[in-house]
Amino acid sequence: MGVLRSPEENNEALFGDWHLTEKQISIVDGLLLGDATCVSTTKRSSIISLQLVMGEVVKYYRDLLAPPRINQISYTPENAHIIMGRVCQCKPLWHWSTGAYPSLHHQRERWYKNSKKIVPQDVRINRLSVLAWYLGDGTLSHGRSGKASICPIFMTNGFTEEDVFFLVTKLVTVQVVK
């Protein structure tokens, strides 16, 4: 006679959990500082989802994180969508998401409060996380009026002022940015 399990227990029994290393947590933190999302799939499991214009970067992080079950990367070609009655041209996008794991649900709990993304107090700020953040949601600003300076810009539009100040302090403190 079989054992009755919930879908999430069945998934764990079949595939186990993904025990993230400290290096992988740094990368996940960097991706979540950017545009990646962590979505609950059940009461106990979540996935990380990444969608970028640069397919090489999506493949790089899929291979670097190397979860036990690697999902396929999908590609959406450039196309037009009608949004609120207007035709909008959308860039081609590469999309990848992990399988569902309980350990990723822990990341979801760190990064989201009341379904809103926040910056957790234990966020890893190091070269790996900052690189992942920059590749996922950064850009370069070139100097104005003939100045020869180039400055990286990290998008923080979705975070509170308090979270942004906390991130700036951490970036300066760990000397990732001088």
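1. Let's start where two helices touch. In this predicted model, Lys23, Gln24, Ile27, Val28 and Leu31 of α2 meet Tyr61, Leu64 and Leu65 of α3. The axes of these two helices, α2 and α3, come within 10 Å and cross at roughly 150 degrees. An angle over 145 degrees counts as roughly antiparallel, so α2 is described as roughly antiparallel to α3. The crossing of this pair, α2 and α3, is left-handed.

2. Now follow α2 to another partner, α5. Here the axes of α2 and α5 come within 7 Å, with a crossing angle of roughly 30 degrees. Angles under 35 degrees count as roughly parallel, and that makes α2 roughly parallel to α5. On the α2 side, the contact is made by Lys23, Ser26, Ile27, Gly30, Leu31 and Leu33, while α5 brings Leu128, Ser129, Ala132 and Trp133. Take a moment to look at the hand of this crossing too: α2 passes α5 in a right-handed crossing.

3. A further partner of α2 is α4. How do the axes of α2 and α4 cross? They cross at roughly 45 degrees and come within 12 Å, and α2 and α4 are therefore oblique to each other. The crossing of α2 past α4 is right-handed. Ile25, Val28, Asp29, Leu32 and Leu33 of α2 make this contact with Gln107, Arg110 and Trp111 of α4.

4. For the chain, 37% of the 178 residues count as buried.

5. In soluble globular proteins, nonpolar side chains tend to be buried together. The largest nonpolar core of this model has 34 residues, and Leu31, Leu32 and Leu33 touch the most other members. At least two core residues come from each of α2, β2, α3, α4, α5 and α6. Which of these elements supplies the largest share of the core? That is α2, with 6 residues.

6. Apart from neighbours within four places in sequence, Leu33 is in contact with Trp111, Val119, Val123, Ile125, Trp133, Met155, Phe159 and Leu167.

7. Where does Arg124 sit? It lies in the loop between β8 and α5. Arg124 and Ser26 are 98 residues apart along the chain, yet their C-alpha atoms are separated by 5.3 Å. Leaving out residues up to four places away in sequence, Arg124 touches Glu22, Ile25, Ser26, Asp29, Arg110 and Ser129.

8. Step back to the whole chain. It holds 6 helices and 10 strands. Among contacts with a separation of 6 or more, 66% join residues 24 or more positions apart.

9. Finally, a word on confidence. The chain averages a pLDDT of 82, and 78% of the residues score at least 70. Confidence is highest in strand β7, at a mean of 95, and lowest in helix α1, residues 7-15, at 52. Where pLDDT is low, the predicted coordinates should not be read in detail.

How values were computed:
Residues are numbered from 1 along each chain as its sequence is written. This is a predicted model: local features need pLDDT of at least 70, side-chain atom pairs count only at pLDDT 80 or more; totals for chains, interfaces and linings use all residues. Side-chain values use heavy atoms; hydrogens and water are left out. pLDDT is the predictor's confidence in each residue, from 0 to 100. Helices (H or I, at least four residues) and strands (E, at least two) are DSSP runs, numbered from the N terminus. A nonpolar core is a set of buried Ala, Val, Leu, Ile, Met, Phe, Trp, Tyr and Cys residues joined through side-chain atoms within 4.5 Å. Buried means under 20% relative accessible area, exposed over 50%, partly exposed in between (1.4 Å probe, protein chains only). Contact means heavy atoms within 4.5 Å. Axes are lines fitted to C-alpha atoms, for helices over the stretch in contact, and angles run from 0 to 180 degrees between N-to-C directions. Angles under 35 degrees count as roughly parallel, over 145 as roughly antiparallel, 65 to 115 as roughly perpendicular and the rest as oblique. A crossing is left-handed if the near helix is turned anticlockwise from the far one by less than a right angle, and right-handed if clockwise.
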